[in-house]
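Subject: Handing over the model with its ligand

Hi,

Here is the structure I promised to pass on to you. Please open it alongside this note.

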Amino acid sequence: MSLLSRLMARYYDATMRGMEGACLARWRKGMLRDLRGKVLEIGAGTGVNLAYYGTGVRRLVLTEPDPHMRRQLQARAEGRSRLNLSVMDFGAEKIDQPDASFDVVVCTLVLCTVQSQASSLAEAYRLLRPGGQFVFLEHVAALDSPGLHRWQRVFQPFWVRVCGNCHLTRDTEQAILDAGFDFLQIERVRSRGGPRIVSPTIKGIATKPA
Ligand SMILES: C[S@@+](CC[C@H](N)C(=O)[O-])C[C@H]1O[C@@H](n2cnc3c(N)ncnc32)[C@H](O)[C@@H]1O
């Protein structure tokens, strides 16, 4: 276990506070409060999303591969028995659950970090029932802004090392399409309260065709 991952888990909530206050908390709430049925969240981190799931969630499975993050997630999950939840140690690329066993997969600020976007999205697709929803909130490459995209490319080698494999230049929108999903809704927005190089963001819902 590296010292860096321990530090990241310890200070994750504090470093995100500005962005949460400026926009992320509002976005999370809007995306999560009306979800229904059996929900899988991948890369759940310290469990920030737990505060926003509504009463329609019948079962919640949270996966998180980093042991330090998972410890905080478990602590936050305690006392939320209403959500009928479990915390599991899986990376997004391989989750030991049956095909088509979830109504919704939630993924917030994770596809920047996974080892393989293609494998992670293929796994989400496999786990969703036909017609199921992939709910995403991800910072992405600034493909609409050449100047900012250049800065993202400059900072990326450093950023990947100090921010737990977080990439700045991933075209996550295209990766979701390549995995076979259709977009039900997608918003291309800019986050506030954090570094400009992580501000280009996509959020929305993609569906697995019925
Ligand atoms: C930026 S944090 C986001 C945490 C949380 N989803 C949120 O919205 O605050 C990225 C998370 O992805 C996790 N992660 C890293 N590699 C992963 C992988 N291969 N599969 C799933 N999660 C991964 C990290 O441990 C970390 O908890």
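Predicted model: local features only at pLDDT ≥ 70, side-chain atom pairs only at ≥ 80, totals over all residues.

Residues are numbered from 1 along each chain as its sequence is written, and side-chain values use heavy atoms, with hydrogens and water left out.

Let me start with the ligand.

Next, the polar contacts (pairs of N or O atoms within 3.5 Å). An oxygen atom of the ligand lies 2.8 Å from a polar side-chain atom of Y12. On the nitrogen side, a polar backbone atom of G43 is 2.7 Å from a ligand nitrogen, and an N or O atom in the side chain of E93 is 3.0 Å from a ligand nitrogen. On its own the ligand has 590 Å² of accessible area, of which the protein covers 88% (Shrake-Rupley method, 1.4 Å probe).

Where does the ligand sit? The space it takes is the largest pocket. A pocket here is an open set of points on a 1 Å grid over the protein atoms alone, where a 1.4 Å probe fits, with protein on both sides within 12 Å along at least five of seven lines; lining residues have an atom within 4 Å of a point. A molecule sits in one if more than half of its atoms lie within 2 Å of its grid points.

The largest pocket has a volume of about 1200 Å³ (the space filled by probe spheres set on the points). Its lining has 48 residues, with M8, Y12, L109, T113 and C163 nearest the centre. Two or more lining residues come from each of α1 (3–32) and α4 (146–162) (helices are DSSP runs of H or I with at least four residues, strands runs of E with at least two). α1 gives the most, 13 residues.

The second largest pocket holds about 270 Å³ of space. Of its 16 lining residues, V140, A141, D144, R188 and I202 are the closest to its centre. By class, this lining has seven nonpolar, three polar and six charged residues.

Best wishes

Note on methods: Polar contact = N/O pair within 3.5 Å; in protein donor to acceptor, adjacent residues only side chain to side chain. Nonpolar A, V, L, I, M, F, W, Y, C, P; charged D, E, K, R; others polar.
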